[in-house]
Amino acid sequence: MNTNNRREFLKRSIIGVSGAALLPGTINAYAGESAIQFAQKLPERSLGKTGIKTPLISMGTSGTTNPNFVKAAYDAGIRLFFSANYYGEGNNEILVGEGLKGIPRDSFLVGTAASPDGLDRRSGTLTGEFTVDGYIKKAEDSLKRFGLDHIDILLFPYAGKKETVQHEGILKTMEQLKKQGKVRFVGIASHSDTVEALNAAVAAGIYDMAMISYNYKTQNKDMLDQAVANAVKAGMGVVAMKTTAGASRDKSGPPLNTNAALKWVLQNENITSIVSGMSSVEELQKNLTMIQNLKMSEQELKDLNLAAVGSGTGLYCQQCKQCIPQCPHQLDIPTLMRSYMYAYGYKNTEQAWYTLADSGISGNPCDQCDTCKVNCISGFDIKSKISDIARLRDVPLDFIRV
Ligand code: SF4
Ligand code: SF4
């Protein structure tokens with residue numbers, strides 16, 4: 001990104017939030033006023049053997065459009081921030097760097113998921129396009145965008161398959177970046193095949209942490225909990241993402257008791273912190289209040305049970321990939337369902353656009369089928385959802401960003 005584009009991006013971000021200033025409790029709170037009341041010691045847990053202690057809530061920055069909100073989160077006590085090199089083509093990393101500028105470097109931690117060239121997200125494997133030098137360059141580019149001298153945690157994303165998590169080139173890249181002091185700790189981020197990914201990461205022996213999807217709708221929870229416990233025993237830290245199963249922003253079903261959903265995650269003491277995609281001061285305040293008392297009330301347990309049973313299909317895709325072999329065109333349905341959730345649940349059209357682009361479709365591939373052959377475990381009407389979200393592919397990105 002050249003300087004003009006970068007300046008334009010930041011200007012747009014700030015203008016976007018100036019608009020929000022008209023709403024109660026948003027921009028005024030960014031000045032620190034309402035955030036300060038939480039600038040007390042927040043409950044913390046240790047991140048494996050890294051020596052890091054971090055609050056039970058961390059910030060996932062994908063939905064953040066204003067550097068001031070990153071700063072407000074820091075002022076409120078958030079210390080761990082996660083971005084990715086594919087959020088807004090790296091623009092999100094610039095925004096996070098801007099938000100943290102001037103803050104003592106040893107008082108916050110920045111992690112980013114760096115996707116290498118040659119990562120086939122559908123199969124979770126690496127193609128011949130992957131090179132160690134290319135992956136190192138990706139991490140260096142992230143570092144430049146943050147404007148920092150090192151990244152605290154570099155994550156290899158879409159980790160699932162053992163052969164990828166243990167790929168010689170991935171391990172070599174991670175070791176080299178650590179050795180050069182560009183990265184302090186390394187880890188994996190996994191949406192699917194998480195048990196396999198965690199077990200492979202433990203066996204690889206170089207990973208310091210893992211970020212995993214973990215929520216009240218998690219399937220095969222016992223197996224996943226065992227894999228998490230094994231990882232923690234081996235010295236890895238584990239943080240949780242997708243903790244509300246997309247339901248907190250899904251207006252298509254009954255409202256979720258988000259406090260209950262987040263507390264549920266933290267009942268597992270092997271989970272160090274929740275990576276929450278907070279995008280408003282209200283959400284930030286609610287989360288920081290929640291972690292002061294993790295005890296779940298009868299009502300919260302009841303609400304969560306109701307949410308799990310009664311929320312219909314919702315928008316959350318388990319990323320189980322059972323649908324892919326059922327589709328004669330082998331569409332990357334899990335990625336398409338995530339794009340749909342970002343658009344209709346999170347109302348984050350830009351993230352939906354990028355995720356849709358990742359799926360590799362053009363036009364509406366489902367036009368070719370009279371009836372859909374896919375039976376989704378979550379009961380999604382796959383053909384209808386794909387046909388709906390596929391339209392976004394034709395919308396120019398500039399138009400979405402305006
Ligand atoms: S079968 Fe359903 S829940 Fe599983 S990955 Fe496919 S769309 Fe998602
Ligand atoms: S309708 Fe779409 S998802 Fe279903 S089988 Fe056909 S191409 Fe695959």
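Tutor: Let's begin with two strands: β10 (residues 209-213) and β11 pair in the parallel sense over five bridges. Strands pair if DSSP finds at least two bridges between them; strands (E, at least two residues) and helices (H or I, at least four) are DSSP runs, numbered from the N terminus. This is a predicted model: local features need pLDDT of at least 70, side-chain atom pairs count only at pLDDT 80 or more, and totals for chains, interfaces and linings use all residues. Residues are numbered from 1 along each chain as its sequence is written, with chains lettered from A and ligands numbered from 1 in the order written.

Student: Which residue stands opposite M241 in β11?
Tutor: That's S213. From β10 the chain crosses through helix α9 (residues 221-233) to β11, a right-handed β-α-β crossover, meaning that, with the strands pointing away from the viewer, the path from the first strand over the helix to the second runs clockwise.

Student: And what does β11 pair with on β12 terms, parallel or antiparallel?
Tutor: Parallel: β11 and β12 (residues 271-276) share three bridges, and V238 stands opposite I271.

Student: How many residues of β11 are buried?
Tutor: Five of the five (residues 237-241), so the strand is largely enclosed by the rest of the structure.

Student: Switching topic: which residues of helix α15 are buried?
Tutor: In α15 (residues 382-389), they are I382, K385, I386 and I389.

Technical notes: Buried ≥ 20, exposed ≤ 12 C-beta atoms within 10 Å, placed from the backbone.
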